[in-house]
Amino acid sequence: MTTAPVRLPEHLIHPFAPAGRANPHPAYRWLRANDPVHYDAASRLWLVTAHGDCATVLRDPRFSAAQGQRERARDDALPPSMLTTDPPDHHRLRAPGALLLGPAAVRSLSAGLLEDVDALLDRLPVGGRVDAVAEIGRPLATAVYARLFGLPAGESKRFEALARAASVNLDPMVPPARAALGRSAAGALTHYLDGHASSVAGRTDVPLAALAADDRLSRAEMLGILSLAVIGGWQPLAEFIGNALHLLLPDRAAVSSLAGADEDLARLAVDELLRLEAPIPFTARVTTDRVELGGGVLPAGARVLAVLTAANRDPSVFTDPDELRLDRSPNPHLGFGGGPHFCLAAPLVRQTAALLLPRLVRRFPALRGPDGAPDWDQCLVPRRLRALPIELGGSA
């Protein structure tokens, strides 16, 4: 006997539909409460929305990340990297990847990152209006990657253009024409990174040089890691700043708290902002066997999305899950994924955002966001704002 598929109530918009992408949280909330392991007939995907079940999807070896990437809506092949492999290949690639993005690499850049943050804030017009996405988030992400890669000052604009064009590859459901442009852009980015990696050979102050010199990797594998670092890191870091300020600025008590935050509170705040609006809202897997989860049963060969943004608001894990609490601790959010594929760039994102956000609100205490509904982009991945115009006010 088979059971009819569960459908969303008519008053809820499908979270993948164009009209539902601006605010998918009501649909995810209903699914998490009523059908946490949900077969979505429209996309032919299983949507897993409860925190405990998503954590299992991320950690259990019966969920293949390699097959999950191959089962995307698009048919282009991805380069070899941590994203496209399962253990043991994944572990073999991840260890060298830490030379670029691991905690030691981030610590080596900390003084330079602080300089970059202060230089960015110095360029903002006192009393003026800026787009936090285009004029804070993207320049910050570019400056961070310039440090990682040892880019000459004159190369930053070129790199940013390549990174933006290639980042369309994050979204598995873009139309075919844009997907083709994304493939072409990814090829151009890889060609650029190949040449640049050769140019920094022998340098000891650039994490890229250590990665490029690692003899555990073939050249193709090294470039796959670099491409993933850009496509999976530059855009989400850039867009997270806009998402974070969208959440933060209406809450004046939170702004005041962050302005006085020490390093520990700043990092807690970054995790909380990521919990509520992480740029990567879900991750794909395919089951290699039948799996029983708390919320239901998945057959072998199921195409699964662990809906991280739904898991991050699970009331069984988070008190007042839709509220911003900058000092929330513990905070077991899944904004960086989990298990073997936990985001390698997590230390970099935490460090960079924890440097920027308190300094920004201290420098501009009258900072205000826009009135009205947020202008969310229609893309599914990353979850991002098209723009966030903010009034800086006077400086402190």
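Predicted model: local features only at pLDDT ≥ 70, side-chain atom pairs only at ≥ 80, totals over all residues.
**Entry 1: helices H4 and H5**

On the H4 side I found Ala-98, Leu-99, Leu-100 and Leu-101. They meet Pro-103, Ala-105 and Val-106 in H5. I sorted the residues of this contact by type: seven are nonpolar, none is polar and none is charged.

Next I checked how the two helices lie. H4 covers residues 89-101, and H5 covers residues 103-123. Angles under 35 degrees count as roughly parallel, so I noted H4 and H5 as roughly parallel to each other.

**Entry 2: the sheet**

I then traced an open sheet of five strands. I wrote down the order as E1-E2-E8-E5-E3, with mixed pairing. Which strands stand at the edges? They are E1 (37-40) and E3 (63-64). Each has a single partner strand, so one side of each lacks a neighbour in the sheet.

I followed E1 to its partner E2 (residues 45-48). The two pair in the antiparallel sense, over four bridges. I also found His-38 opposite Leu-47 in E2.

Helix H2 (residues 51-59) packs on this sheet. I listed its contacts as E1, E2, E3, E5 (282-287) and E8 (303-307). The direction of H2 makes about 125° with that of E8.

**Entry 3: Asp-271**

I found Asp-271 in helix H13 (residues 263-276). Is Asp-271 buried or exposed? Its relative accessible area is 11%. The cut-off for buried is under 20%, so I noted Asp-271 as buried. I left aside neighbours within four places in sequence and listed its contacts: Asn-331, His-333, Phe-336 and Arg-350.

Definitions and conventions
Residues numbered from 1 in each chain as written. Heavy atoms only, no water. Axes fitted to C-alpha atoms, helices over the stretch in contact; angles between N-to-C directions. Parallel < 35°, antiparallel > 145°, perpendicular 65-115°, else oblique. Contact = heavy atoms within 4.5 Å. Nonpolar A, V, L, I, M, F, W, Y, C, P; charged D, E, K, R; others polar. Buried < 20%, exposed > 50% of the residue type's maximum accessible area, 1.4 Å probe, protein only. Pairing = 2+ DSSP bridges.
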